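Subject: Structure for you to look at

Hello,

Here is the structure I said I would hand over. My notes on what was found follow below it.

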Amino acid sequence: MTSGKAEAVAPPRCRPVSITGLDVMTACGRGVPPLASAAFAGEPAFSSVSRFATDGRRAGHAAERKDAGSLFDELATVTQNACEAAGLAADARAEVPLLLAMSTDPAVAWPPGTARAARGAGATAAELARRCGLAEATRAYTTACVAASTAVIDAAVMIGTGRAERVLVAAGYLVDPNRFALFDAGRALALDGRQRPFDAGRGGMLLGDAAVAVLLESEAAAARRGAQVLARLTGWGRSGDAYHVTQPRPDGAGQARAITTALQRAGRTPADLGYVNAHGTGTPASDRAESVGLRRALGVHADVVPVSSSKSVHGHTLEASALVELVVTTETIRQGRLPVNAGLLTPADGCPGGLVDQPRSREVTSALTVNFAFGGANTALLVEAA
(Lines give C-alpha, C1' and ligand atoms only; values in the text may rest on other atoms or scores of the structure.)
Protein backbone atom coordinates (compact mmCIF):
# COMPACT_ATOMS: atom_id res chain seq x y z
CA MET A 1 0.00 0.00 0.00
CA THR A 2 1.38 3.41 -0.95
CA SER A 3 0.74 6.79 0.53
CA GLY A 4 -0.31 8.21 -2.83
CA LYS A 5 2.39 10.86 -2.61
CA ALA A 6 5.06 10.81 -5.33
CA GLU A 7 8.58 10.57 -3.96
CA ALA A 8 11.27 12.81 -5.39
CA VAL A 9 13.77 10.87 -7.46
CA ALA A 10 17.34 12.14 -7.56
CA PRO A 11 18.60 12.84 -11.09
CA PRO A 12 21.33 10.62 -12.53
CA ARG A 13 24.90 11.69 -11.89
CA CYS A 14 26.36 13.94 -14.57
CA ARG A 15 29.39 12.80 -16.53
CA PRO A 16 31.92 15.64 -16.02
CA VAL A 17 32.67 17.81 -19.03
CA SER A 18 35.97 19.64 -19.50
CA ILE A 19 36.18 23.36 -20.27
CA THR A 20 39.24 23.79 -22.50
CA GLY A 21 38.82 27.09 -24.37
CA LEU A 22 37.45 30.54 -23.49
CA ASP A 23 37.26 33.98 -25.04
CA VAL A 24 35.08 36.97 -24.30
CA MET A 25 34.46 40.59 -25.21
CA THR A 26 32.67 42.87 -22.76
CA ALA A 27 32.73 46.52 -21.83
CA CYS A 28 35.56 45.58 -19.46
CA GLY A 29 37.81 44.78 -22.42
CA ARG A 30 38.70 42.10 -24.93
CA GLY A 31 39.75 38.71 -23.61
CA VAL A 32 39.28 36.96 -20.30
CA PRO A 33 41.85 38.89 -18.19
CA PRO A 34 40.14 42.34 -18.36
CA LEU A 35 36.78 40.83 -17.42
CA ALA A 36 38.24 38.81 -14.56
CA SER A 37 40.25 41.75 -13.25
CA ALA A 38 37.22 44.06 -13.25
CA ALA A 39 35.06 41.43 -11.53
CA PHE A 40 37.63 40.70 -8.83
CA ALA A 41 38.24 44.41 -8.18
CA GLY A 42 34.55 45.34 -8.33
CA GLU A 43 35.14 47.98 -11.00
CA PRO A 44 31.92 48.57 -13.00
CA ALA A 45 32.14 49.26 -16.74
CA PHE A 46 29.04 51.47 -17.00
CA SER A 47 29.03 54.77 -18.87
CA SER A 48 26.63 57.04 -20.73
CA VAL A 49 25.16 55.37 -23.80
CA SER A 50 26.83 56.63 -26.97
CA ARG A 51 25.61 54.07 -29.53
CA PHE A 52 22.19 55.70 -29.90
CA ALA A 53 20.29 58.67 -28.52
CA THR A 54 18.58 58.22 -25.17
CA ASP A 55 16.64 61.50 -25.32
CA GLY A 56 13.26 60.99 -23.73
CA ARG A 57 14.37 57.90 -21.83
CA ARG A 58 14.43 57.66 -18.07
CA ALA A 59 17.81 55.90 -17.99
CA GLY A 60 20.96 56.70 -19.92
CA HIS A 61 23.69 54.24 -18.94
CA ALA A 62 24.91 50.84 -20.10
CA ALA A 63 28.10 48.78 -20.22
CA GLU A 64 29.08 49.48 -23.84
CA ARG A 65 32.24 48.39 -25.63
CA LYS A 66 32.92 51.59 -27.54
CA ASP A 67 34.91 49.91 -30.32
CA ALA A 68 32.56 46.97 -30.79
CA GLY A 69 32.00 45.84 -34.36
CA SER A 70 28.92 44.03 -35.61
CA LEU A 71 27.61 41.28 -33.36
CA PHE A 72 28.40 38.68 -36.03
CA ASP A 73 32.01 39.83 -36.34
CA GLU A 74 32.45 39.89 -32.57
CA LEU A 75 31.03 36.37 -32.31
CA ALA A 76 33.35 35.14 -35.06
CA THR A 77 36.36 36.63 -33.27
CA VAL A 78 35.65 35.07 -29.86
CA THR A 79 34.77 31.73 -31.46
CA GLN A 80 38.06 31.60 -33.37
CA ASN A 81 39.98 32.74 -30.28
CA ALA A 82 38.37 30.13 -28.02
CA CYS A 83 39.33 27.36 -30.46
CA GLU A 84 42.88 28.69 -30.68
CA ALA A 85 43.15 29.03 -26.90
CA ALA A 86 42.10 25.38 -26.61
CA GLY A 87 44.74 24.36 -29.16
CA LEU A 88 42.08 22.86 -31.41
CA ALA A 89 43.38 22.19 -34.93
CA ALA A 90 41.37 23.15 -38.00
CA ASP A 91 40.55 19.57 -38.96
CA ALA A 92 39.20 18.87 -35.47
CA ARG A 93 37.03 22.00 -35.57
CA ALA A 94 35.20 20.66 -38.59
CA GLU A 95 33.62 18.03 -36.34
CA VAL A 96 32.51 20.46 -33.62
CA PRO A 97 28.80 21.41 -33.43
CA LEU A 98 27.96 25.04 -32.65
CA LEU A 99 25.26 26.03 -30.17
CA LEU A 100 24.58 29.78 -30.39
CA ALA A 101 22.63 31.91 -27.91
CA MET A 102 21.64 35.33 -29.18
CA SER A 103 18.76 37.68 -29.74
CA THR A 104 16.86 37.58 -32.98
CA ASP A 105 17.30 40.73 -35.05
CA PRO A 106 14.30 42.97 -34.12
CA ALA A 107 13.70 43.48 -37.83
CA VAL A 108 13.11 39.75 -38.29
CA ALA A 109 9.51 40.14 -37.16
CA TRP A 110 8.75 42.50 -40.01
CA PRO A 111 9.77 40.99 -43.38
CA PRO A 112 7.82 37.95 -44.63
CA GLY A 113 8.83 34.42 -45.50
CA THR A 114 12.34 33.73 -46.72
CA ALA A 115 13.56 37.20 -45.78
CA ARG A 116 12.63 36.55 -42.16
CA ALA A 117 14.29 33.12 -42.11
CA ALA A 118 17.49 34.49 -43.64
CA ARG A 119 17.88 37.01 -40.82
CA GLY A 120 17.01 34.77 -37.89
CA ALA A 121 19.25 33.36 -35.17
CA GLY A 122 19.34 29.97 -36.88
CA ALA A 123 20.71 31.46 -40.09
CA THR A 124 23.27 33.40 -38.08
CA ALA A 125 24.42 30.21 -36.33
CA ALA A 126 24.86 28.43 -39.66
CA GLU A 127 26.85 31.32 -41.13
CA LEU A 128 29.00 31.60 -38.01
CA ALA A 129 29.83 27.89 -38.20
CA ARG A 130 30.88 28.29 -41.83
CA ARG A 131 33.02 31.35 -41.04
CA CYS A 132 34.81 29.56 -38.20
CA GLY A 133 35.22 26.17 -39.84
CA LEU A 134 32.89 24.34 -37.46
CA ALA A 135 30.49 21.50 -38.23
CA GLU A 136 27.31 22.18 -40.16
CA ALA A 137 25.30 20.93 -37.17
CA THR A 138 24.13 24.10 -35.42
CA ARG A 139 21.42 25.11 -33.00
CA ALA A 140 20.20 28.58 -31.97
CA TYR A 141 18.82 29.63 -28.58
CA THR A 142 16.77 32.80 -28.06
CA THR A 143 15.35 32.02 -24.61
CA ALA A 144 16.32 35.29 -22.95
CA CYS A 145 18.54 35.15 -19.85
CA VAL A 146 18.87 31.35 -19.82
CA ALA A 147 19.65 31.01 -23.54
CA ALA A 148 23.37 30.45 -23.03
CA SER A 149 23.06 28.24 -19.94
CA THR A 150 20.48 26.11 -21.72
CA ALA A 151 22.95 25.73 -24.59
CA VAL A 152 25.69 24.71 -22.14
CA ILE A 153 23.40 22.10 -20.58
CA ASP A 154 22.48 20.71 -23.99
CA ALA A 155 26.18 20.58 -24.90
CA ALA A 156 26.91 18.65 -21.69
CA VAL A 157 24.14 16.18 -22.52
CA MET A 158 25.42 15.75 -26.09
CA ILE A 159 28.91 15.03 -24.80
CA GLY A 160 27.77 12.88 -21.89
CA THR A 161 25.63 10.67 -24.13
CA GLY A 162 28.37 10.26 -26.74
CA ARG A 163 26.66 12.29 -29.46
CA ALA A 164 29.67 14.61 -29.67
CA GLU A 165 33.21 14.64 -28.31
CA ARG A 166 33.28 18.40 -28.08
CA VAL A 167 30.83 21.29 -28.55
CA LEU A 168 31.39 25.02 -29.01
CA VAL A 169 28.89 27.26 -27.21
CA ALA A 170 28.83 30.92 -28.24
CA ALA A 171 26.59 33.78 -27.18
CA GLY A 172 26.25 37.46 -27.87
CA TYR A 173 24.32 40.65 -27.28
CA LEU A 174 25.12 44.28 -28.07
CA VAL A 175 23.14 47.02 -26.35
CA ASP A 176 20.49 48.11 -28.84
CA PRO A 177 17.86 50.88 -28.85
CA ASN A 178 14.90 48.49 -29.07
CA ARG A 179 15.61 46.46 -25.94
CA PHE A 180 16.88 49.56 -24.13
CA ALA A 181 13.57 51.30 -24.81
CA LEU A 182 11.62 48.20 -23.74
CA PHE A 183 13.34 47.85 -20.38
CA ASP A 184 13.31 51.61 -19.84
CA ALA A 185 9.56 51.78 -20.45
CA GLY A 186 9.13 48.91 -18.00
CA ARG A 187 11.07 50.90 -15.38
CA ALA A 188 13.59 48.09 -15.07
CA LEU A 189 16.73 50.17 -15.70
CA ALA A 190 18.69 51.88 -12.92
CA LEU A 191 18.61 55.67 -13.09
CA ASP A 192 21.84 56.25 -11.15
CA GLY A 193 24.10 54.48 -13.63
CA ARG A 194 24.91 51.61 -11.23
CA GLN A 195 23.59 48.08 -10.93
CA ARG A 196 23.38 47.21 -7.22
CA PRO A 197 22.23 43.61 -6.78
CA PHE A 198 20.88 42.74 -3.32
CA ASP A 199 21.35 46.32 -2.08
CA ALA A 200 18.55 47.97 -0.14
CA GLY A 201 18.79 50.98 -2.46
CA ARG A 202 18.92 49.05 -5.72
CA GLY A 203 17.19 50.74 -8.62
CA GLY A 204 17.24 48.16 -11.40
CA MET A 205 19.53 46.62 -13.96
CA LEU A 206 21.73 48.00 -16.73
CA LEU A 207 22.35 46.37 -20.10
CA GLY A 208 25.81 45.33 -21.28
CA ASP A 209 27.69 44.26 -24.41
CA ALA A 210 29.11 40.76 -24.70
CA ALA A 211 30.35 38.20 -27.19
CA VAL A 212 31.65 35.00 -25.63
CA ALA A 213 32.62 31.48 -26.63
CA VAL A 214 33.37 28.37 -24.57
CA LEU A 215 34.69 25.03 -25.82
CA LEU A 216 33.44 21.97 -23.93
CA GLU A 217 34.96 18.50 -24.35
CA SER A 218 34.60 15.03 -22.92
CA GLU A 219 37.32 14.26 -20.41
CA ALA A 220 38.58 11.46 -22.66
CA ALA A 221 38.79 13.70 -25.74
CA ALA A 222 40.62 16.42 -23.83
CA ALA A 223 43.07 13.92 -22.36
CA ARG A 224 43.68 12.26 -25.70
CA ARG A 225 44.94 15.45 -27.28
CA GLY A 226 46.69 16.72 -24.14
CA ALA A 227 44.46 19.77 -23.78
CA GLN A 228 44.74 22.03 -20.77
CA VAL A 229 41.55 21.70 -18.74
CA LEU A 230 40.54 25.05 -17.23
CA ALA A 231 37.68 23.69 -15.14
CA ARG A 232 35.04 20.97 -15.20
CA LEU A 233 31.26 21.20 -15.52
CA THR A 234 30.10 18.50 -13.10
CA GLY A 235 26.42 19.23 -12.59
CA TRP A 236 23.48 21.11 -14.01
CA GLY A 237 19.82 21.70 -13.31
CA ARG A 238 16.93 23.44 -15.01
CA SER A 239 13.29 23.95 -14.16
CA GLY A 240 10.23 25.86 -15.28
CA ASP A 241 7.79 27.79 -13.09
CA ALA A 242 5.26 29.06 -15.65
CA TYR A 243 4.33 31.50 -12.87
CA HIS A 244 4.16 34.77 -14.84
CA VAL A 245 5.31 36.19 -18.14
CA THR A 246 7.83 38.54 -16.55
CA GLN A 247 7.61 38.26 -12.75
CA PRO A 248 9.62 35.57 -10.92
CA ARG A 249 7.82 33.17 -8.63
CA PRO A 250 8.11 34.85 -5.20
CA ASP A 251 8.77 31.66 -3.23
CA GLY A 252 11.85 30.77 -5.33
CA ALA A 253 10.71 27.14 -5.65
CA GLY A 254 11.75 26.70 -9.28
CA GLN A 255 15.09 28.38 -8.72
CA ALA A 256 15.77 26.17 -5.71
CA ARG A 257 14.84 23.07 -7.73
CA ALA A 258 17.37 23.92 -10.46
CA ILE A 259 20.12 24.49 -7.88
CA THR A 260 19.34 21.30 -5.96
CA THR A 261 19.30 19.27 -9.16
CA ALA A 262 22.71 20.64 -10.19
CA LEU A 263 24.17 19.69 -6.82
CA GLN A 264 22.65 16.21 -6.95
CA ARG A 265 23.93 15.55 -10.48
CA ALA A 266 27.43 16.39 -9.26
CA GLY A 267 27.10 14.41 -6.04
CA ARG A 268 27.62 17.57 -3.99
CA THR A 269 25.87 19.29 -1.09
CA PRO A 270 25.54 22.99 -0.25
CA ALA A 271 28.40 22.55 2.23
CA ASP A 272 30.75 21.80 -0.70
CA LEU A 273 30.19 25.18 -2.38
CA GLY A 274 32.91 27.81 -2.26
CA TYR A 275 31.10 30.48 -4.28
CA VAL A 276 27.79 31.32 -5.99
CA ASN A 277 27.60 33.69 -8.97
CA ALA A 278 24.01 34.84 -8.53
CA HIS A 279 21.66 36.00 -11.28
CA GLY A 280 21.42 39.30 -9.38
CA THR A 281 19.75 41.73 -11.78
CA GLY A 282 19.32 44.46 -9.20
CA THR A 283 15.54 44.65 -9.68
CA PRO A 284 13.62 44.32 -6.40
CA ALA A 285 11.28 41.49 -7.44
CA SER A 286 14.05 39.39 -8.99
CA ASP A 287 16.49 39.89 -6.13
CA ARG A 288 13.86 39.04 -3.51
CA ALA A 289 12.80 35.85 -5.29
CA GLU A 290 16.40 34.79 -5.83
CA SER A 291 17.25 35.38 -2.17
CA VAL A 292 14.36 33.13 -1.15
CA GLY A 293 15.37 30.51 -3.73
CA LEU A 294 18.98 30.45 -2.53
CA ARG A 295 17.86 30.00 1.07
CA ARG A 296 15.50 27.18 0.08
CA ALA A 297 18.25 25.38 -1.83
CA LEU A 298 21.25 26.06 0.41
CA GLY A 299 19.66 26.26 3.86
CA VAL A 300 22.00 27.63 6.51
CA HIS A 301 24.81 27.73 3.96
CA ALA A 302 23.09 30.66 2.22
CA ASP A 303 24.56 32.82 5.00
CA VAL A 304 28.01 31.24 4.77
CA VAL A 305 28.93 30.69 1.12
CA PRO A 306 30.27 33.79 -0.68
CA VAL A 307 27.70 35.21 -3.13
CA SER A 308 27.90 38.00 -5.69
CA SER A 309 26.47 38.99 -9.04
CA SER A 310 29.11 39.82 -11.64
CA LYS A 311 26.38 41.69 -13.55
CA SER A 312 27.18 44.53 -11.16
CA VAL A 313 30.40 44.96 -13.17
CA HIS A 314 29.66 43.91 -16.79
CA GLY A 315 25.92 44.59 -16.87
CA HIS A 316 23.09 42.33 -17.93
CA THR A 317 24.11 40.90 -21.28
CA LEU A 318 20.75 39.16 -21.78
CA GLU A 319 21.14 36.01 -23.95
CA ALA A 320 24.91 36.06 -23.36
CA SER A 321 24.75 36.58 -19.61
CA ALA A 322 24.99 32.95 -18.49
CA LEU A 323 28.05 32.29 -20.65
CA VAL A 324 29.82 35.46 -19.49
CA GLU A 325 29.12 34.43 -15.90
CA LEU A 326 30.38 30.91 -16.58
CA VAL A 327 33.67 32.49 -17.68
CA VAL A 328 33.80 34.60 -14.50
CA THR A 329 33.03 31.55 -12.35
CA THR A 330 35.71 29.51 -14.09
CA GLU A 331 38.27 32.25 -13.45
CA THR A 332 37.17 32.43 -9.80
CA ILE A 333 38.15 28.79 -9.42
CA ARG A 334 41.37 29.15 -11.39
CA GLN A 335 42.62 32.31 -9.67
CA GLY A 336 41.28 31.88 -6.16
CA ARG A 337 39.70 35.33 -6.12
CA LEU A 338 36.05 36.26 -5.56
CA PRO A 339 34.04 38.60 -7.81
CA VAL A 340 32.83 41.66 -5.92
CA ASN A 341 29.13 42.52 -5.70
CA ALA A 342 29.84 46.08 -6.84
CA GLY A 343 27.71 48.97 -5.62
CA LEU A 344 26.66 47.22 -2.42
CA LEU A 345 26.07 49.77 0.34
CA THR A 346 23.39 48.29 2.60
CA PRO A 347 22.37 44.65 2.10
CA ALA A 348 18.62 44.28 1.58
CA ASP A 349 16.52 42.38 4.09
CA GLY A 350 16.55 38.64 3.47
CA CYS A 351 19.45 38.67 1.01
CA PRO A 352 22.22 36.05 1.27
CA GLY A 353 24.49 36.68 4.23
CA GLY A 354 27.73 35.97 2.40
CA LEU A 355 27.64 38.87 -0.08
CA VAL A 356 31.13 39.76 -1.29
CA ASP A 357 31.41 43.51 -0.75
CA GLN A 358 35.16 43.95 -1.29
CA PRO A 359 38.03 42.17 -3.06
CA ARG A 360 38.85 38.85 -1.41
CA SER A 361 41.02 35.85 -2.11
CA ARG A 362 39.64 32.38 -1.42
CA GLU A 363 40.44 28.91 -2.68
CA VAL A 364 37.33 27.68 -4.48
CA THR A 365 37.05 24.13 -5.80
CA SER A 366 33.29 24.05 -6.42
CA ALA A 367 31.05 26.93 -7.50
CA LEU A 368 27.54 27.54 -8.78
CA THR A 369 26.45 30.00 -11.44
CA VAL A 370 22.69 30.50 -11.67
CA ASN A 371 20.43 32.25 -14.17
CA PHE A 372 16.70 32.89 -14.43
CA ALA A 373 14.54 34.25 -17.24
CA PHE A 374 11.15 35.65 -18.14
CA GLY A 375 8.50 32.95 -18.26
CA GLY A 376 9.88 31.17 -15.19
CA ALA A 377 12.88 29.40 -16.72
CA ASN A 378 15.65 28.57 -14.22
CA THR A 379 19.13 27.09 -14.69
CA ALA A 380 22.10 26.26 -12.49
CA LEU A 381 25.58 25.10 -13.51
CA LEU A 382 28.07 23.54 -11.08
CA VAL A 383 31.70 24.19 -11.98
CA GLU A 384 34.65 22.51 -10.27
CA ALA A 385 38.41 22.74 -10.37
CA ALA A 386 40.20 20.72 -13.04
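Ser309 is buried, at a relative accessible area of 0% (buried means under 20%, exposed over 50%, partly exposed in between, with a 1.4 Å probe and protein chains only). This is a predicted model, in which local features need pLDDT of at least 70, side-chain atom pairs count only at pLDDT 80 or more, and totals for chains, interfaces and linings use all residues. Residues are numbered from 1 along each chain as its sequence is written, and side-chain values use heavy atoms, with hydrogens and water left out.

Ser309 sits in the loop between strand E11 (307-308) and helix H11 (311-314); helices (H or I, at least four residues) and strands (E, at least two) are DSSP runs numbered from the N terminus. A polar atom of the Ser309 side chain is 2.9 Å from the backbone oxygen of Gly280. Apart from neighbours within four places in sequence, Ser309 contacts Pro197, Asn277, Ala278, His279, Gly280, Val340 and Asn341 (contact means heavy atoms within 4.5 Å).

Ser321 is also buried, with a relative accessible area of 0%, and belongs to helix H12 (residues 321-335). Leaving out residues up to four places away in sequence, Ser321 touches Cys145, Lys311, His316 and Asn371.

Regards

Technical notes
A polar contact is a pair of N or O atoms within 3.5 Å; within protein, one must be able to donate a hydrogen and the other to accept it, and residues adjacent in sequence count only if both atoms are side-chain atoms.
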